[in-house]
Amino acid sequence: MTQNAPDLASRYVARGVRSPELIEAALAINEDRLADAEPLLRARLRQDPLDVAAIRLMAQLAARLGRFKDSEALLRRAIELAPGFTAARSNLAGILYRQNRFEEAVELLDTVLQVEADDAGGQSLMAAALGRIGEYDEALALYGALTQRFPDHAKLWMSLGHVLKTVGRQDEGIAAYRRALAVEPTLGEVWWSLANLKTVRFDEADIAAMEAALETPRLSDEDRLHLHFALGKAFDDRRDAEASFAHFDRGNAIRHGQLDYDPAIVSGHVQKIIATFTPEFIAKRAGQGDPRPDPIFILGMPRAGSTLLEQILASHSMIEGTMELPDLPAIALREGQAVPSGWVDAVRDMPDERLAELGAEFLQRTRVQRKSDKPFYIDKLPNNWIYTGLIHLILPNARIIDARRHPLDCCFSNFRQHFAKGQAFSYSLSDMGCYYADYVRLMAHFDAMLPGRVHRVIHEQVIENPEAEVRAMLDYLGVPFEEACLNFHQNRRAVRTASSEQVRRPINRDGVEQWKPYVQWLDPLKDALGPLWRNYPATD
């Protein structure tokens with residue numbers, strides 16, 4: 001296109017604003033009447049395929065439907081037609097953020113904020129994206145400025161509290177959360193954020209405020225489930241197991257009803273991996289992949305002690321802690337889309353050079369998370385257990401640590417935890433037991449196929465004999481023992497997970513046998529686990 005000056009954006013946007021079809025389509029999208037919006041937009045684009053306002057609205061519609069790649073392509077087309085269309089650039093940054101492409105989002109938002117420095121939405125998204133790539137000081141500065149501009153915006157105070165918690169400024173984080181509640185006392189996510197610190201004890205006034213919030217007319221399901229999880233924590237602290245379980249059960253039921261989770265799909269996927277990763281399959285691909293040994297994967301079930309292991313290892317002078325990185329699942333999902341049956345079949349026919357390319361891609365994608373020159377870094381996304389075989393193929397010299405905790409403690413801890421996203425298995429006791437059993441089954445397979453490839457760490461053994469377990473981990477990693485690893489709680493690094501405050505304390509037994517007061521309600525979990533809960537740490 002030769003006509004690409006900023007006035008083209010103004011011309012098309014102005015045309016869009018005057019268009020009754022686009023006004024109606026925008027209203028329909030805003031009211032979640034997506035089926036009404038789509039024909040209006042398609043008709044408009046048939047009339048004028050260069051209408052960038054219509055293209056932008058079609059991108060917003062695609063995003064609402066979860067079609068992020070389509071939304072991205074449409075927004076890039078709008079920007080190609082009208083490079084000065086700042087609103088489309090801002091929307092594109094949001095789509096990149098939702099695809100976990102945080103560095104790209106930051107780069108694009110830089111251009112948006114150069115044009116519209118006071119764009120509060122752009123600043124808020126920039127702060128969120130900066131937090132996801134570990135640039136916490138910049139994120140705090142942006143959120144601090146935004147809360148000063150908008151002191152009655154509860155969610156900005158909540159976001160500020162999240163970052164303050166992550167960097168270990170707990171008192172300030174609590175104050176930010178409390179400020180949010182002063183503005184919007186029914187905002188359930190803030191109550192849960194306080195509970196999720198694990199170290200905050202709610203008083204009688206807090207419990208009364210949460211119970212009153214639950215009685216609010218037209219309270220959203222999101223607020224309601226967060227309030228139930230927070231009240232579950234409050235009554236657990238008071239040793240009222242019956243009231244506590246009732247609230248956890250209600251919160252989980254709401255979330256479970258919002259999800260379409262089928263445990264048989266995970267079981268079938270695990271079976272396919274086991275059938276594919278035979279001794280012959282593995283031997284044929286020996287020595288392929290990217291040979292660099294930089295990554296250390298800590299994987300397993302959520303709430304199994306992985307954050308503790310990360311904190312221990314990140315206290316070593318040669319190992320950098322990052323966060324739960326989304327890159328490996330993103331690579332697997334993308335490769336799996338190329339074939340009808342997912343990443344397992346994709347790697348079955350993959351040429352050797354492609355395995356090396358994927359390993360190199362993982363290293364490149366995660367480089368933004370590395371803030372030091374330490375030779376090794378940690379990816380502690382627990383759910384990477386399903387990709388153990390993929391890790392072995394594309395990064396044959398990467399280290400893999402399996403963090404394991406007693407199945408009843410681990411699974412019940414998940415049941416009491418509301419996750420910001422993902423972990424769809426965790427909102428049903430029976431689903432969770434099946435998921436844990438599938439995880440153990442797959443890891444046992446790789447123990448047999450690749451003896452010594454994965455180093456297993458039993459959480460209870462870390463508690464009972466930390467020095468021996470730390471030394472064993474460091475030996476596996478090939479790095480010398482350092483006393484700082486035993487003093488991990490003195491490490492002030494940022495920690496993004498729900499265990500952020502727990503790992504800033506010395507090792508303790510607080511999380512051991514927490515399931516016992518709730519045993520009368522755990523039969524669905526026990527039944528799904530089978531003998532695993534009795535035989536632990538054995539796997540049969």
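Predicted model: local features only at pLDDT ≥ 70, side-chain atom pairs only at ≥ 80, totals over all residues.
## Helices α6 and α7

Two packed helices are described by the angle between their axes and the distance between the axes. Helix α6 spans residues 86-98, and helix α7 spans residues 102-115. Their axes lie 8 Å apart, at an angle of about 160°. Angles over 145 degrees count as roughly antiparallel, so α6 is roughly antiparallel to α7. The crossing of α6 past α7 is left-handed.

On the α6 side, the contact is made by Thr86, Arg89, Ser90, Leu92, Ala93, Leu96 and Tyr97. On the α7 side, Phe102, Glu104, Ala105, Leu108, Leu109, Thr111, Val112 and Val115 take part. By class, the contact of α6 with α7 has 10 nonpolar, 3 polar and 2 charged residues.

## Helices α2 and α4

Helix α2 covers residues 20-30, and helix α4 covers residues 52-64. Their axes come within 11 Å and cross at roughly 20°. Angles under 35 degrees count as roughly parallel, and α2 and α4 are therefore roughly parallel to each other. This crossing of α2 and α4 is left-handed.

From α2, the contact uses Leu22, Ala26, Ile29 and Asn30. They meet Ala53, Ala54, Leu57, Leu61 and Arg64 of α4. The contact of α2 with α4 divides into 7 nonpolar residues, 1 polar and 1 charged.

## The parallel sheet

An open sheet is formed by 5 strands, with parallel pairing. The strand order is β2-β3-β1-β4-β5. At the edges sit β2 (319-323) and β5 (454-458), each pairing on one side only. From one strand to the next, the twist averages 25°.

Strand β3 (residues 376-379) pairs with β2 in the parallel sense, over 3 bridges. Glu320 has Tyr377 in β3 as its bridge partner. Helix α24 (residues 429-449) packs on the sheet. There α24 touches β1 (295-300), β4 (399-404) and β5. The direction of α24 makes about 140° with that of β4.

## Aromatic pairs

The structure holds 19 aromatic pairs. One of them joins Phe245 and Phe415, whose ring centres are 5.7 Å apart. Their planes stand at 25°, so the pair is stacked; the cut-off for stacking is under 30 degrees.

This pair links distant parts of the chain. Phe245 belongs to helix α15 (residues 241-258), while Phe415 belongs to helix α23 (residues 407-415). The two residues are 170 residues apart.

Note on methods:
Residues numbered from 1 in each chain as written. Heavy atoms only, no water. Axes fitted to C-alpha atoms, helices over the stretch in contact; angles between N-to-C directions. Helix = DSSP H or I, 4+ residues; strand = E, 2+ residues; numbered from the N terminus. Parallel < 35°, antiparallel > 145°, perpendicular 65-115°, else oblique. Left-handed = near helix turned anticlockwise from the far one by under 90°. Contact = heavy atoms within 4.5 Å. Nonpolar A, V, L, I, M, F, W, Y, C, P; charged D, E, K, R; others polar. Pairing = 2+ DSSP bridges. Phe/Tyr/Trp six-rings, centres within 6.5 Å; stacked < 30°, edge-to-face > 60°.
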